[in-house]
Amino acid sequence: MGPQSPRLSLGLLLLLPFLPECSGAEGRLAHKLFRDLFANYTSALRPVADTDQALNVTLEVTLSQIIDMDERNQVLTLYLWIRQEWTDAYLRWDPDAYGGLDAIRIPSSLVWRPDIVLYNKADAQPPASASTNVVLRHDGAVRWDAPAITRSSCRVDVSAFPFDAQRCGLTFGSWTHGGHQLDVRPRGAGASLADFVENVEWRVLGMPARRRVLTYGCCSEPYPDVTFTLLLRRRAAAYVCNLLLPCVLISLLAPLAFHLPADSGEKVSLGVTVLLALTVFQLLLAESMPPAESVPLIGKYYMATMTMVTFSTALTILIMNLHYCGPSARPVPAWARALLLGRLARGLCVRERGEPCGQSRPPESPPSPQPPEGGAGLPASPCREPQCLCHQEALLHHVATIANTFRSHRAAQRRHEDWKRLARVMDRFFLGIFFSMALVMSLLVLVQAL
C-alpha cells in the first residue's frame, strides 16, 4: 500500500466510533417506521383506497424441479418458486422522513396477502402458508417470494408411450375474490426455467402462461385465473434399451425358424421360446404402464409381434407335416408342381444338390411298370430248346416282381422328395414374408425415437 497505509489506518480508526451509532440509528428508524405503519393497520381487509377498485396482483412462477410424474394416478409433483406482487395502499411512507429508508422486510403474516391457490390441486392436505418474509417498499409495493411443492392433477395420454409428450396445466386464481375485487395477471409470457434442475425422465419444452376470465355457476361475477402449461417430452432412451430393443431382436429371431432344417427338431421349439420371451416382456411393460383405454405404441408393437410369432409357429407345424409326408402320400398336385416347384422355386433359388440357381428339375410323371426284357410279358409257351430248363418261366416272373417293386419304391421315394422340396420352398417363402414384416414393424417403431 506504500506510504499512504498509515493515513488509511488512521482514518479507519477515527470512523470506528461512529459506525455503531449509524447502524443503531438505522435500526431505530426501521422500528419507528414499523410502529407507524402498523399502528392502525389490519391484514383482514383488502388494502385499497377505493373499495370499488380492483387490486392487481402479478404472479410469477419459477420451475425448480420435477419431483415426480405419477402416470398411474395422473398426479404431477413440482417444486416451484412463486412470486406475488401487489400494491398496499396503507403501507406507504416518505423515505426522507426515515433517513432514506425505502424498503423493509417483515413477516408475511403481518400484511394482507391474496388468497391465490392452485385450482387443480391433487393433495388432500390443506395448503400450508409459507413463513417467508415480504419485501415492502416505500410506495406500497409488496413482493412475496415463497417456495412451494405442488401436487396437481394432470391428464396423461400414453398412446405414444415411450415417445409421448404431455401437457400439464397449473391453474392459479383467487378462491374468494372475484374479478371486480382482485385481478391476477402473469408476469411475462411464461414461467422461468433459469434455475430448473434437469430431470432424468422428462425434458421440459417450455411453460407458457395464459390468463383466462371464467364465470362459474355458483357466482355471477367473473373469476380471472392464470394457467401455466408445462410441456413435457419423455426421454425414451431407457425404455428403448430395456424394453424395445430386446423385443426387436427377438422379433427378428422368430422368422429364422423357417430357416432351420426340419430334421433338427427345433423349429417349433424356437417359435414357442420366442413367444414365451415376448410374454415376459409384455408383463414387464404392463407393470410400468398406467391403465388406459388407448393401447400405447409399444404395446401395439408387442401385440403385433406376438401375433406374427404365433402365425409363424402354426405355419411351421404345417410345413413340417408336408416335410414328413411318407412314401404312401399322394403325388404333389399338378398346380402345386407347376406353380410352387416350378416358378416359385426358381424365384426363391430353391434347388437340388448340384442344380444351378434359377433352374428347377422338370416335372416327372410317375413311371408305369414295364415288362422285363427276355420274355417276361410273353405268353407261356413250351420250351423250344430241347435243353431249356422248365423253371425259366417262374424265374422270369420273380424278376419282374422284383423290378416292379423297385420301381414302386423309387416312385414313392420321388414323391417323398417332392413333398420335402415343396416344404423347403414354403419355408423360404415364409422366411422372406415374416422377416420383412418384422423388419418393417421394427423400423416403424424405432423411427419414432429419432
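A: First, the basis: this is a predicted model, where local features need pLDDT of at least 70, side-chain atom pairs count only at pLDDT 80 or more, and totals for chains, interfaces and linings use all residues. Residues are numbered from 1 along each chain as its sequence is written, and side-chain values use heavy atoms, leaving out hydrogens and water.

Q: By class, which residues make up the lining of the largest cavity?
A: Rolling a probe the size of a water molecule over the atoms shows where empty space is left. A cavity is a set of points, on a 1 Å grid over the protein atoms alone, where a 1.4 Å probe fits but cannot get out; lining residues have an atom within 4 Å of a point. Here the lining has three nonpolar, four polar and one charged residues. Ala, Val, Leu, Ile, Met, Phe, Trp, Tyr, Cys and Pro count as nonpolar, Asp, Glu, Lys and Arg as charged, and the others, Gly among them, as polar.

Q: Which residues line the largest cavity?
A: They are Ala254, Ala257, Lys267, Val268, Gly271, Ser312, Thr313 and Thr316. Two elements, α4 (267-288) and α5 (297-323), each give two or more residues to this lining; helices are DSSP runs (H or I, at least four residues) numbered from the N terminus.

Q: At what angle do α3 and α4 pack?
A: Angles run from 0 to 180 degrees between N-to-C directions, with axes fitted to C-alpha atoms over the stretch in contact. Helix α3 (residues 237-253) packs against α4 at about 165°, with their axes 10 Å apart. That makes α3 roughly antiparallel to α4, a term for angles over 145 degrees.

Q: Which residues of α3 make the contact?
A: Contact means heavy atoms within 4.5 Å. From α3 come Asn242, Leu243, Pro246, Cys247, Ile250 and Leu253. The residues of the contact of α3 with α4 divide into 12 nonpolar, one polar and no charged.

Note on methods
On a 1 Å grid over the protein atoms alone, a cavity is a set of points where a 1.4 Å probe fits but cannot get out, and a pocket is an open set with protein on both sides within 12 Å along at least five of seven lines; lining residues have an atom within 4 Å of a point. Angles under 35 degrees count as roughly parallel, over 145 as roughly antiparallel, 65 to 115 as roughly perpendicular and the rest as oblique.
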